[in-house]
Amino acid sequence: MDVVPDADAESAEAVDGVFLTQGAVGEETSIQRFEIEPGETVPEHDHPHEQIGTITEGAVTFVVDGEERVVEAGDTYVIPGDEPHAAANRGDETAVGYDIFSPPRANPDWQE
């Protein structure tokens with residue numbers, strides 16, 4: 001069993017005000033924690049990984065296929081692989097959540 005202690009995980013600022021922390025990486029999946037500061041946006045992007053996540057604090061507005069969906073703390077979501085998507089924190093508090101990727105996203109572009 002591999003364990004990635006939170007204290008050992010390094011956070012990277014992927015874009016202004018958006019912080020991503022790589023967690024455990026397995027054979028079939030990986031997990032990352034994200035924080036999006038109020039007013040900040042993750043630009044539209046896509047990747048081959050299916051992305052399943054949950055919001056633990058605040059809310060995130062996702063734009064997928066031109067449709068906006070607000071995902072709040074406690075909600076879960078899934079974004080199919082290769083589906084262009086964007087995200088924004090339009091609230092007053094930092095949005096925090098976790099994304100699980102399959103296949104694993106062990107070396108995302110934001111770490112390079």
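S6 and S7 make a hairpin with two residues between them, and Asp65 in the turn has a positive phi of about 55 degrees.

A quick word on what you're looking at: this is a predicted model, where local features need pLDDT of at least 70, side-chain atom pairs count only at pLDDT 80 or more, and totals for chains, interfaces and linings use all residues. Residues are numbered from 1 along each chain as its sequence is written, and side-chain values use heavy atoms, with hydrogens and water left out.

Now head for the inside. In soluble globular proteins, nonpolar side chains tend to be buried together. Here the largest nonpolar core has 13 residues, and Phe34, Ile36, Ile55, Val60, Phe62 and Tyr77 have the most contacts inside it. Such a core is a set of buried Ala, Val, Leu, Ile, Met, Phe, Trp, Tyr and Cys residues joined through side-chain atoms within 4.5 Å; buried means under 20% relative accessible area, exposed over 50%, and partly exposed in between, with a 1.4 Å probe and protein chains only. At least two core residues come from each of strands S2 (18–25), S3 (30–36), S6 (59–64) and S8 (76–79). Take Tyr77: leaving aside neighbours within four places in sequence, its contacts (heavy atoms within 4.5 Å) include Phe34, Ile55, Phe62 and Tyr98.

Next, the charged pairs. Side chains of opposite charge can pair when their charged atoms come close. The whole structure holds two salt bridges, each a side-chain nitrogen of Lys or Arg within 4 Å of a carboxyl oxygen of Asp or Glu. One joins Arg33 and Glu35 at 2.3 Å, N to O. Arg33 counts as partly exposed because its relative accessibility is 22%, and Glu35, at 26%, is partly exposed too. The other links Glu68 and Arg90 at 2.9 Å, N to O. Glu68 lies in strand S7 and Arg90 in the loop between strand S9 (85–88) and S10, so the pair ties together parts that are 22 residues apart in sequence. Glu68 is partly exposed at 47%, while Arg90 counts as exposed at 53%.

Notes
Helices (H or I, at least four residues) and strands (E, at least two) are DSSP runs, numbered from the N terminus. Two strands pair if DSSP finds at least two bridges between them.
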